[in-house]
Structures are given as structure tokens and as C-alpha cells.
Amino acid sequence: MRRVSLFKSSLLIVLSTVLVSCTGSGATLHESSTIRRVDMIVKMNHGDFWKTVKMGAEVAAKEYNVDLKFKGPQNENDIEGQIQLMDESIKGKADAIILSASDYMKLAQVTDRAAFYKIPVISMDSEVASARVKSFVGTNNYEAGQMAAERLVMLTGEQGRIGVMNFVKGSKNGDEREEGFMDYIARYPDVRVVSVEYCESDEQIARTLTRKMVAEHPEMNGIVALNEVASIGTAEEIQKLGIGGRVKVIAFDSPDKVMELLQEGIVQATVIQNPFNNGYLAVQQAVKAIEGDDIQERVDTHTKMIDLDNMLWPENQKLLFPFVR
Amino acid sequence: MKIQDKRPKRKFPAEKLSFNVRSIQVIITLSFTLLTILIVLLVSIMLYNKFTRTAEENASLNIQQIIQQVNYHLELYVKGMQDIYEVVEEQINQTADIDRPILREQLNTLLQTREDLVSVGLFTPEGQLILDIPNVDMRRNTQLRQQSWYETALEQPKKLSFSAPHIQNLYKGKYTWVVSLSRMIQYKDRGELKQGILLVDVNFRTIDELSRKVSLGKKGYAYIIDDLGNIVYHPQQQLIYAGLKYENLESVLEYSFRSYMDNSTGEPRFITVRTVEPIGWKIVGVAYLDEIVTTKKDLNQFIFWFLVVVIAVVVVLSIFVSAKISQPLRRLERSVKIVSEGDFSTPIHVGGAYEVEQLSKRFNFMLHRIRQLMDQIIHEQEAKRKSELDVLQAQINPHFLYNTLNSVIRLAERGKKEEVTTTITSLSKFFRISLSKGKNTITLEEELEHVRHYLIIQTIRYKNKFKYTIECEEEALNCTTLKLILQPIVENAIYHGLEQMVDEGWIHIRAFIQNERLIITVADNGLGMSTQVMEQLLSGHIRHTGGSGVGVKNVNERIRLLYGKAYGLSFESEQEVGTKVTIILPVIPFNMENQERGMS
């Protein structure tokens, strides 16, 4: 009798394991094609630059089977809003967060918090003051500044008088661009930087400041604007003042207005980044971080100098005008 | 009995634990399982191959169809564009003067009805603008002479050329991605026939959307290149320009209609190339093999679980079957073991498979035979001993005969004729009963008669040195008794009890039935015996030479052999007082049957 019960029990065990394993097969099936949830938090939820970032991120998301959430506050200055979005993502237990910090210092704490909850953070485009960031994907802003300086010196000659239109004082990107610019200019003892202004990323302020700069330094023959908004304001004001061509303008980024002014000869060249690649590579790095692969500490998405000669090169056209409308 | 019961139980777990590779159960289970796995594997592999091939074929067909569909749409669209171009050209041709506002109006209407139409422009071969719809300011620095539509129109004036999509930078306002259609045409300027380049810009959006919508699996996509290998549309165009992605265009450019596998990026990809006929563009579908053949993965999974389930079921089944086969064998083995340990009485359980059942039956039969033979041997042994006893019994001590005859002679010499006669008669009767036709059992009456004659002889011999009485209950007389059981006891009483006595001795023999047992007592008033002597008597160490030759021990043994251990002799003795011997026998009425039994 004991033998029979033993046998029966073993049979039961085998059958139940088979059953359990059969029902379990569903779970293992999904594991092979896990969907990774990546939240991308940018400075602003609109604007061509960020839309292009999003486009690149979406291409990567499709390729790497990522459920991408693209978030950003209404306004680039809304630091609190960005911190809130970060907290949301931490609460939502994203697998990774890609952050383009509006403020280098103020987003450090929330970044550390994300790291505390074992959510890898990739910083994109703009760095954040946290050692817990896995990787930075973006432009080398210092080099971009140098590139702008090189071209401007080339345009204004070695006796140039140059104005700098930065956007936000204390902004990491702006500071680096300015630093790179200044360091390059310093090589030419006769080239002077006559004025450095900060337009608070406001077109109107940029216009006013440009007018002021031109008035105060009539000898100024070159001006560099270090971001998109500053570029539009500065270049348009130069055109309005009718000194286009005499005062050379180096812009940053490629909004349609800047491109138009480039064709008009007001803007001589513009330094463009590669937001599409920023988005793509940031997601790629995030996926690698989730998988626990080794990732580069810095991924440089290169900058390019665009002028009339190369703006119609097919590869540049796509960079300058990422959207088919 | 209990100890024997426990033994196999205690051994049982040890048996179960000891895993014998050669045991039937293991052999059957293993071979069953191996065979099934082999067969299932074979079938699975065959099915797998078949299924995957079909799945792959289906997938590639599916992709080819999708790409064909897109190609079809593109061709339609391109044809539509060509038609528009023809219409524009015709209208320009029909107009006598290029500056007439009616032409501008007509073209404006056309532009408004066709959403895709971005602009129409007519340029002199030198690049001077003659006509533009809509009427917007031209930009500066357009570099139109370096643009491909301008160059191809000059190079191939007769052919309508399609440019790769590019940014329309001619007119102020918007930067739009367009495909430019251009050709050298003729127009009339104030009656004068002139040559000019007609440019029609079509929004690229439709083609972009059409291509974007193509989904080949999750990761798959479609891209378009022109006949020179320039990218018309690619979802990852920027990555390619940045050198982060690579598309193997060489093999694509070689063929206009082809489907093949590509491994240039490290991942196996299924590439389908179709050509948009009128303009030589190539639409290329890229599908990732691991995605399109999802059935492969599913199939893998299915076959894996199928195997697991089948193996589990087979293992269970074979364990069950082999247990069914081997269990009766084991039981049989255990039974045989019990038998081999000496227990012949428990029959073996009969059951299980037919063969095992037969084996058990045969074994049981054999066991039965063995038991029979053993019984027979015991029986024969007993019979042998009995016959030996019988022989002993038959031996009459010559001393007794010699002593008796001596006393007869003495009596005869003294002329005691009457006593001689009595003695001889008694002797004769004594021997007749002793022999009693070879029978083993006789009636108590006869036995008492026998001892009476013995006593008669002895009283004459010992000159009335003792007296005797024989009493018997009426119903006891016809009881069966072994013959020659009383004489040795009486002989013993005379030689050890009465012979050396000075006073007159007596012997009382009584027979009666008590508690369904026949009891015969022989009491004397002789010297009595020490317990030591009594024991020696029963163990047969004392044998007096003058007796009949059949010892007291012999009597006891014979009773016990025939009737069992519950019966036999017992002594009560006290020195100087006397001895009383009690014989206990079963009450068996004498008849022929008993007599037979006693004989065998």
C-alpha cells in the first residue's frame, strides 16, 4: 500500500510541475522581448530642436523596443517643473531617465534621487551636477565655441572687434560655449571682445541688447550669438539696423529665420548641433545602461559649421531641416 | 510470529532506496524515455524545418507584397506628378505670350487645386526667372545653377528629370522639402519662341508619409534611393550621414527587382528591392529576420514545452508500467526470501502479469510438494523410530525367562506341581499378550491381564514376598492403551522397591477415568526413590539387567510419541514409604480403526 501511495504522489508531483511549467511558459515568452520604459525629460516640450531630439529618440525606441515617454515643461526656465517631471518618472519606476537639465545645479538633487532608486540617468544636451549620471550625450560646447570663434576671426580679420550674445548666465552650455569662444579669441592679441551680453533666451531682449551693443561699440565688426533665440534676435536686429554684411554674424542652431538670414547674407555661418543624433544616442545609451553594458562616459554628437557653400549639401539639408512639412 | 512479521517491513525502505541500474523498472523507464525522446526529437526537427521554411517563405512573400504595394502607390504618384507637369507645360505652350495674366491665373488655380504642388517656375537657361507661381520674392544666394534640377535640364533637355528631395530655397517664406521636376521647354515671349527650363516643385511630404507608414515588423523599414544612390527617403537618414548607420547600397543598386538576405550589418536582414519605373528610384524594404520569422521563436518555444510535457508523461507512464511489471516480481522475490529463511507455511501471493502469476503458481505448487515431502520424511522418521521401539519391545530379556524357568525347575524339584502349572500358564499368557499378533495397541483389559500374569510369576518366584491388587473401573476396561507399559513399571517397583524389603510389600494397580483422561496408577510400599533416581529412570540411565528389557523411559517416550506431550508418566516417591507412578492416557475406546492407527 505504501508503495502505491508513494508512486501516486510522485506522479502528482510530475504532473503538477508539467502544468506549472506550461502556464509559466507565457511569462518566459515575454522576457525575451522585454519592453524597456525610458523617460526623456527635456527643457521644453515644443520647439524644433526638441522635436528633432524626439524624432531621433523615437527611431532608437523603435529599434531597441523601448517604450519612450517624452516630457518637458512649457518653458525652458521652468526648473521646478522639470524637477517635478523627474519625480514623476522616479515614482513611475521608469527603467531609465534621459535628462536634459535646465539648470546645472538645481537638478542635481533629483538626479541623485533617481540614482538612489537604481534608475540610471543619462544626461543629454545639457549636463547636470551629479556624479551619478551614467553618461552624457551631447555637443562638446567648448569646441562649438572655439569653432564659432575660428570662423568669426576668419571673417573679421585679426583686428576684429567682437560682441558676444550669450543666453543665460550660469547656463552650463552657454558658459562652455563662451569659454571655448574666449579661449580661442585669446590666441589673437589684436582681436578684442568688446562686449558680452546675456539675453535670458528672449528674442526681444536680444534685439535690445544688440542695438545697445552696436550703439556703444560702433567699431564692432563681428558678433556671435550662442543659441537659437539669441541668434534670431541678434541677426534680425542687425538686419533691421542695416549693418548686415558689415557686422558679421555667427549664429547657433538652424531655425528657418536664421537660414533665411544666412541666405540674405546677414548671418555668415551658423554652428549646428545634431539633435536627432542626441535623441537617438541618448536612448541607445539608456538601453545599454538598463542592460548593464559598459557605456561611454561621454558621447560627443558633433557640431557643424554651416554657411552658404555647404547648406545645400544633402547631408546638411537634413540636419538643417529635419522635418518634412 | 511478530518478529517475523516485522522483518520485511523494516527492510522495505532500504530496498526502495537502493537504485539498481539493472532492475527491470530502471531499464524499462530509461529505454522508454530514451526511445520517446528520440522519436519526438526526430519528429520535432522535421516539423520544425518544415514549419520554419514555410514561415520564412510566407514572411518573405508578405514583405515583397508590401513593398510591391508601396511601389505601386509611388508609381501612381509619380505618374500623377508627371501629368501635372504635362498640364503646366501645355498651358505654357498654348499661351502666346508668357506675360499674359490669364496664364498666371490658370496656373494659380492649378496650384490651389493640387495640394502637393509647391511652386512652378520658368527660368532661362542662364538662370533668370521668367515666371513664378505663386508670385513670391526670390531669395538671394539661391545657387540655383548648382542645383541638380537645373543641371540635369541643361544636360538632358528632352528628358523630364526628377530630382532627389531637397530644400526649396528659391522663394521667401517657407523652407519646404520638395521633389523637383524639370525639363527644357519652349515658350512664346511676345510671339518669339524661346527655350526655358520649367521647374515644378512637388511637396515631398506624400512620399515621406507613404514610406514612413511601411512597417515590416517592429524594427523593419523601407527606404528609397535614386538611380545614383542618393538617399531619397530613409528613416535613419541622419544616422547614416553621421556614420552611425550603414546601408549596403552596392547590392541594391545592382538590381532593379530582387529579394535577398543581407548580413552586412551583422544582423540577418531580408532585403526586397523594387524599382519605381518612370524615375528609376528604388524602394528597398528591410526586414529583420528574427522579427519576420516570429513563428520560429514561437515554434521553438512550443517544441520545447512539447518535449518537456511528452518526456514527463512518458517518464510517468514508464514508471507506472515498469512498476506494474516489476512490483509482482519483487513481491514474489520477497515471498521466496521468506521461504528461503525457512518459513514453508506461508503461501506466495498469486497475482500480477500472466507470467508472474504462472511463476507464483508453480512456485506455490513446488512449495506444496516440498512441504509434502518434508512431512513424509518426518513421518518416515517417526515410523522408523517406532519400529525400533517395537523391536526393543519384542526383545525379552533372557534373564527374566531364565529366572522364571529356574524357579519353575526348583518348584518342579520340590514337586510343587500346581505352582509349576500356574507359573508356566502365566508365562505362556504373558508372552501371548506380549506378542499379541504384532499389534501396538491393546485394550486396557489385556494390558492389565498381561501385568497380572507377570505379577503371578514374580510372586511365585519371590515366594509371596509381596502382595498385589489390580482394580479397574468397568468403563475403563475397553479403553485403548499401548501394550507393555505397565510391566516395566511394575518390574521397576519390584526390583527397586520391594526386592530389598524385609517386610511384606504390596503393589496396587488402579485404572480409572478422570477428567476425560485414562489414569493408571501403580503404587507400592517399597523403599522409594530419590528424585535423582527418578530423573535417571526417565532419562533411561538406569537399566536393570533382570527386567524385561523395556525401560521406564521407553514407556514414557512411546506414550508421548503416540498421544502427544500432554500424556505420559509421572512419579511420586518418598523414601521408606513408597512410590506411586501415574500413567495418563487419553480415553480412546478400543475398536478396529484405533488399532490400525496404532499399527502405522
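Two strands are said to pair if DSSP finds at least two bridges between them. The model described here is predicted. The points below concern a sheet in chain A and the helices of chain B.

**The sheet of chain A**

- An open sheet in chain A is formed by 6 strands in the order β2-β1-β3-β4-β5-β11, and their pairing is parallel.
- At its edges lie β2 (66-71) and β11 (298-300) of chain A, each of which pairs on one side only.
- On average, and with direction ignored, neighbouring strands of this sheet are turned by 20° against each other.
- Strand β1 of chain A, which covers residues 36-41, pairs with β2(A) over 6 bridges in the parallel sense.
- Within this part of the sheet, Arg37(A) has Asp67(A) in β2(A) as its bridge partner.
- Helix α2 of chain A (residues 48-64) packs on the sheet, where it touches β1, β2 and β4 (121-124) of chain A. The direction of α2 makes about 165° with that of β2(A).

**Chain B as a whole**

- The secondary structure of chain B consists of 17 helices and 18 strands.
- Chain B has 600 residues, of which 45% count as buried.
- Among the contacts in chain B with a separation of 6 or more, 65% are between residues 24 or more positions apart.

**Helices α11 and α12 of chain B**

- Helix α11(B) and helix α12 (residues 417-435) of chain B cross at roughly 160°, and their axes come within 9 Å.
- Angles over 145 degrees count as roughly antiparallel, and α11(B) and α12(B) are therefore roughly antiparallel to each other.
- The two helices, α11(B) and α12(B), cross in a left-handed manner.
- Residues of α11(B) in this contact include Phe400(B), Leu401(B) and Val408(B), while those of α12(B) include Val420(B), Ile424(B) and Phe430(B).
- By class, the residues of the contact between α11(B) and α12(B) are 11 nonpolar, 2 polar and 1 charged.

**Helices α11 and α13 of chain B**

- Helix α11 (residues 398-413) also packs with helix α13 (residues 444-461) of chain B, at an angle of about 55° and with the axes 10 Å apart.
- This angle makes α11(B) oblique to α13(B).
- The crossing of α11(B) with α13(B) is left-handed.
- On the side of α11(B), Phe400(B), Asn403(B), Thr404(B), Ser407(B) and Leu411(B) take part in the contact. They meet Tyr454(B), Ile457(B), Gln458(B), Ile460(B) and Arg461(B) of α13(B).
- This contact of α11(B) with α13(B) comprises 5 nonpolar, 4 polar and 1 charged residues.

How values were computed. Residues numbered from 1 in each chain as written. Chains lettered and ligands numbered in written order. Predicted model: local features only at pLDDT ≥ 70, side-chain atom pairs only at ≥ 80, totals over all residues. Heavy atoms only, no water. Axes fitted to C-alpha atoms, helices over the stretch in contact; angles between N-to-C directions. Helix = DSSP H or I, 4+ residues; strand = E, 2+ residues; numbered from the N terminus. Parallel < 35°, antiparallel > 145°, perpendicular 65-115°, else oblique. Left-handed = near helix turned anticlockwise from the far one by under 90°. Contact = heavy atoms within 4.5 Å. Nonpolar A, V, L, I, M, F, W, Y, C, P; charged D, E, K, R; others polar. Buried < 20%, exposed > 50% of the residue type's maximum accessible area, 1.4 Å probe, protein only.
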